[in-house]
Amino acid sequence: MIILEPSVGVKKKTGIDFDILSDILTLVFERNHKRDLNIYAKVHLSRVPDTSLCEAISNTHYLIKLDQTAKQTKKFVFSSLLHELRHCFQNHIWSYWPDSTKFKTYTEYFRSKEEVDARKAERLTREIIKMYDMHLAFNEKFRKVGLNKLG
């Protein structure tokens with residue numbers, strides 16, 4: 001299971017229901033990796049300008065810091081989360097954690113296999129947003145037609 005635990009600031013700034021997003025990401029990634037995932041990630045705002053990053057606390061616990069200087073659109077937040085979650089998967093599934101201190105230039109870092117791999121995850125952004133929006137619409141209709149109570 002993938003659990004994203006946002007800080008109060010992230011909740012306020014993004015307005016995203018992270019419980020629903022966690023459920024969608026769990027469904028998509030567990031099914032496609034054909035294994036149970038046990039990832040718990042706290043999501044905070046980064047204090048480093050123009051930077052989102054992920055820190056491994058353990059093989060299952062992570063701290064994702066989202067760039068707070070960028071416009072907090074749903075597309076930006078979802079693509080950043082997918083990118084940083086891919087780094088979590090690199091560690092959790094394949095026991096690979098990048099050593100960013102080994103890069104001498106930004107170009108070297110940008111072209112590294114872990115960053116190229118993480119940017120591939122961003123290609124799922126549009127589909128994850130659609131799933132998220134459809135889930136919200138479904139929940140609203142479910143309540144509107146009164147399926148949450150008898151009668």
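Is E55 buried, partly exposed or exposed? E55 is partly exposed, because its relative accessible area is 33%, and the buried class ends under 20% while the exposed class starts over 50%. This is a predicted model, and the walk through it can start at this residue.

E55 has a partner. Its side chain meets that of K65 in a salt bridge, at 3.1 Å from N to O. The pair links distant parts of the chain: E55 sits in strand β3 (residues 53–56) and K65 in strand β4 (residues 61–66), ten residues apart. K65 has a relative accessibility of 22%, so this lysine also counts as partly exposed.

Side chains of opposite charge can pair when their charged atoms come close. The structure holds four salt bridges. The bridge between E55 and K65 is one of them.

D133 and K74 join their side chains in another salt bridge, with 2.5 Å from N to O. How accessible are the two partners? D133 counts as partly exposed because its relative accessibility is 32%. K74, at 31%, is partly exposed as well.

E140 pairs with R143, and their closest N and O atoms are 3.7 Å apart. Both residues lie in helix α6, three residues apart, which is about one turn of the helix. E140 has a relative accessible area of 45%, so it is partly exposed. R143 is partly exposed too, with a relative accessible area of 45%.

E5, D17, D19 and D23 gather on the surface in a patch of negative charge. Patch members have no salt bridge and over 30% relative accessible area. D23 passes that cut-off because its relative accessibility is 44%, a value that counts as partly exposed.

Is T26 buried or exposed? T26 counts as buried, because its relative accessibility is 10%. A polar atom of the T26 side chain lies 2.8 Å from the backbone oxygen of S22.

Notes. Residues numbered from 1 in each chain as written. Predicted model: local features only at pLDDT ≥ 70, side-chain atom pairs only at ≥ 80, totals over all residues. Heavy atoms only, no water. Patch = residues over 30% accessible without salt bridge, like charges linked within 9 Å, V, L, I, M, F, W, Y side chains within 5 Å. Areas by Shrake-Rupley, 256 points an atom, 1.4 Å probe, with all protein chains shown as cover. Lys, Arg positive; Asp, Glu negative; His and termini not counted. Charge placed at Lys NZ, Arg CZ, Asp CG, Glu CD. Buried < 20%, exposed > 50% of the residue type's maximum accessible area, 1.4 Å probe, protein only. Polar contact = N/O pair within 3.5 Å; in protein donor to acceptor, adjacent residues only side chain to side chain. Helix = DSSP H or I, 4+ residues; strand = E, 2+ residues; numbered from the N terminus.
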